[in-house]
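Subject: Structure handover

Hello,

Here is the structure I said I would pass on. Please look through it first; my notes follow below.

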Amino acid sequence: DLKNLIVENITNRITSLIDTFGFLGSAIKKVFSGDFTGALDDAKKAGNSYVDSLTGVKNTIDKVSNAVSNLTNELMKEADIAAQIADDRAKADKIERQNTIDRAKADREIADLRFKAEQRDKFTVSERIKFLEEASALEEKITNQEIEAARLRFEAKKAENALSKSTKEDLDEQAQLEAQLIGLNTSKLRLQKRLQTSLTTF
């Protein structure tokens with residue numbers, strides 16, 4: 001209770017003052033005896049005891065040092081996470097820029113391959129199957145690139161929300177990014193199923 005806290009605080013201060021004078025006396029004695037290293041250690045202990053006498057808290061300097069150390073470690077950890085978030089978003093931007101061009105080229109090539117796969121009078125069954133497989137592989141390659149970009153954006157937003165206080169808008173954005181990622185993976189599965197269905201008709 002409050003009474004015990006007051007008594008403990010006063011007791012700590014008195015004990016620290018006694019320790020301060022004791023360490024100072026020991027330090028002076030060691031200086032005259034030539035034990036300079038021991039004198040320095042006692043002087044440091046005297047300083048610690050003096051601070052404890054002012055605050056009424058035992059081992060004040062050690063506790064403050066530990067708190068600062070923990071805070072520093074936490075800040076460094078958060079800085080590393082923030083750097084990873086920025087890096088993931090930069091990678092996603094790069095993939096999406098390239099994918100804009102790759103998707104346009106791939107759509108044209110896929111359409112051509114599928115058209116050839118439907119021309120029974122011009123190509124053999126094995127050739128038409130090959131066209132269809134090439135079109136499917138190209139579509140899957142582009143979809144995988146889109147999935148990777150979506151994954152990076154989702155992971156970045158998820159990490160950002162975990163790092164700081166998240167607003168409703170932040171959580172909504174995270175949900176939308178996750179839904180987009182799931183949708184792309186679903187499209188990939190449908191593409192694979194479509195290929196198998198098409199091959200059975202040859």
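**A pair in helix H5**

Lysine 168 and aspartate 172 both belong to helix H5 (residues 168-200), where they sit 4 residues apart, about one turn of the helix. Their side chains form a salt bridge, with 2.8 Å between the closest N and O atoms. On accessibility, lysine 168 is exposed, with a relative accessible area of 58%, while aspartate 172 is partly exposed at 33%. Please keep in mind that this is a predicted model.

**The fold in outline**

The protein chain has 5 helices and 0 strands, and its pattern along the sequence reads α-α-α-α-α. It consists of 202 residues, of which 25% are buried. Among contacts with a separation of 6 or more, 67% are between residues 24 or more positions apart.

**Other salt bridges**

The count for the model is 13 salt bridges. As background, side chains of opposite charge can pair when their charged atoms come close.

In helix H3 (residues 60-117), arginine 103 and aspartate 107 are 4 residues apart, which puts about one helical turn between them. The two form a salt bridge, and the closest N and O atoms are 3.1 Å apart. How accessible is arginine 103, buried or exposed? Arginine 103 has a relative accessible area of 17% and is buried, because the cut-off for buried is under 20%.

Lysine 157 counts as buried, with 4% relative accessibility. Glutamate 160, at 25%, counts as partly exposed.

Which residues are linked with Lys157 and Glu160 in a network of salt bridges? The network also takes in Arg89, Asp170 and Glu173.

**Nonpolar cores**

The largest nonpolar core has 10 residues: Ala106, Ile110, Leu113, Ala117, Phe131, Leu132, Ala135, Leu138, Ile142 and Leu195. H3 and H4 are the elements that give two or more residues to this core. The largest share, 5 residues, comes from H4.

Alanine 106 touches Leu138 and Ile142, if residues up to four places away in sequence are not counted. There is also a second, separate core, which has 6 residues, including Phe154, Leu177, Leu181 and Leu184.

**In brief**

To recap, the predicted model has 5 helices and 0 strands, together with 13 salt bridges. The largest nonpolar core holds 10 residues, and the second, separate core holds 6.

Regards

Notes: Residues are numbered from 1 along each chain as its sequence is written. This is a predicted model: local features need pLDDT of at least 70, side-chain atom pairs count only at pLDDT 80 or more; totals for chains, interfaces and linings use all residues. Side-chain values use heavy atoms; hydrogens and water are left out. Buried means under 20% relative accessible area, exposed over 50%, partly exposed in between (1.4 Å probe, protein chains only). Contact means heavy atoms within 4.5 Å. A salt bridge is a side-chain nitrogen of Lys or Arg within 4 Å of a carboxyl oxygen of Asp or Glu. A nonpolar core is a set of buried Ala, Val, Leu, Ile, Met, Phe, Trp, Tyr and Cys residues joined through side-chain atoms within 4.5 Å.
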